[in-house]
Amino acid sequence: MPVQERKQRERAQRERLIVAAARELAERQGWEAVTTRRLAERIGYSQPVLYGHFRGKREIIGAVALEGAAELAATVRAAAAGSAGGPRERAGAVARAYLGFAAGNPALYDALFHLDAGLAFAREDTPGPLKDAFTALLDSLGEAAGDGTRPALFTEVFWAALHGLATLARAARLPPGDTARRTQLLVERLTAS
């Protein structure tokens with residue numbers, strides 16, 4: 001194997017190690033606990049090595065967010081594919097999967113939607129994994145928009161409602177017992193019959 005190829009592979013492996021360590025630490029102790037010093041200690045490299053891959057915590061959060069976007073896209077697609085019904089049932093499956101993803105991966109969800117990750121959303125320069133996550137939602141929800149409503153606009157509103165529910169539930173601003181009913185109500189009210 002050529003030296004350059006080996007170095008590139010080692011570099012990519014170190015980046016994956018940094019991102020995995022950041023994600024694990026954030027999930028266990030919150031993003032406040034993620035520092036370059038702690039990451040360097042965890043992975044056995046010096047801080048300058050980390051800075052050779054990421055300029056700082058913001059870029060690390062961005063890398064975690066991109067990883068999370070890919071996982072969210074896969075979660076949404078799996079939920080849609082596993083739904084046996086029509087557009088409304090598929091929207092319900094996607095809603096439950098999305099909310100489950102947000103609840104089950106709080107630090108990852110924060111990296112995606114709550115923290116400054118230096119990533120552009122809804123623009124020409126939006127990174128591919130973020131575009132793909134939205135496309136997964138659009139592909140899964142577009143039919144539920146109904147006549148006269150642009151599928152992308154419907155998907156944005158549906159996503160915003162899901163994000164609101166996820167964020168409020170996590171902050172304990174909603175009673176926990178009504179989660180399933182809230183999701184059902186959202187689907188019933190927003191989807192075309």
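Colleague: What makes the span of helix 8 close to the one expected?

Modeller: Helix 8 runs over residues 151–170, and from its first C-alpha to its last it reaches 28 Å. The expected span is 1.5 Å times one less than the number of residues, and for the 20 residues of helix 8 that gives 28 Å, close to the value found. The word helix here stands for a DSSP run of H or I with at least four residues, numbered from the N terminus. A quick word on the source: this is a predicted model, where local features need pLDDT of at least 70 and side-chain atom pairs count only at pLDDT 80 or more, while totals for chains, interfaces and linings use all residues. Residues are numbered from 1 along each chain as its sequence is written, and side-chain values use heavy atoms, with hydrogens and water left out.

Colleague: Which residues of helix 8 are buried?

Modeller: Phe154, Thr155, Phe158, Leu162, Leu165 and Ala166 are. Buried means under 20% relative accessible area, exposed over 50%, and partly exposed in between (1.4 Å probe, protein chains only).

Colleague: How do you know on which side of helix 8 they sit?

Modeller: Their arc, taken from the directions from the helix axis to the C-beta atoms, is only 100°, so they are on the same side of helix 8. The buried residues there pack against helix 5, helix 6, helix 7 and helix 9, with contact meaning heavy atoms within 4.5 Å.

Colleague: What makes a nonpolar core?

Modeller: A nonpolar core is a set of buried Ala, Val, Leu, Ile, Met, Phe, Trp, Tyr and Cys residues joined through side-chain atoms within 4.5 Å. The largest one has 50 residues, and Trp31, Leu39 and Phe158 touch the most other members. Helix 4 gives the most to this core, with 9 residues.

Note on methods: Helix = DSSP H or I, 4+ residues; strand = E, 2+ residues; numbered from the N terminus.
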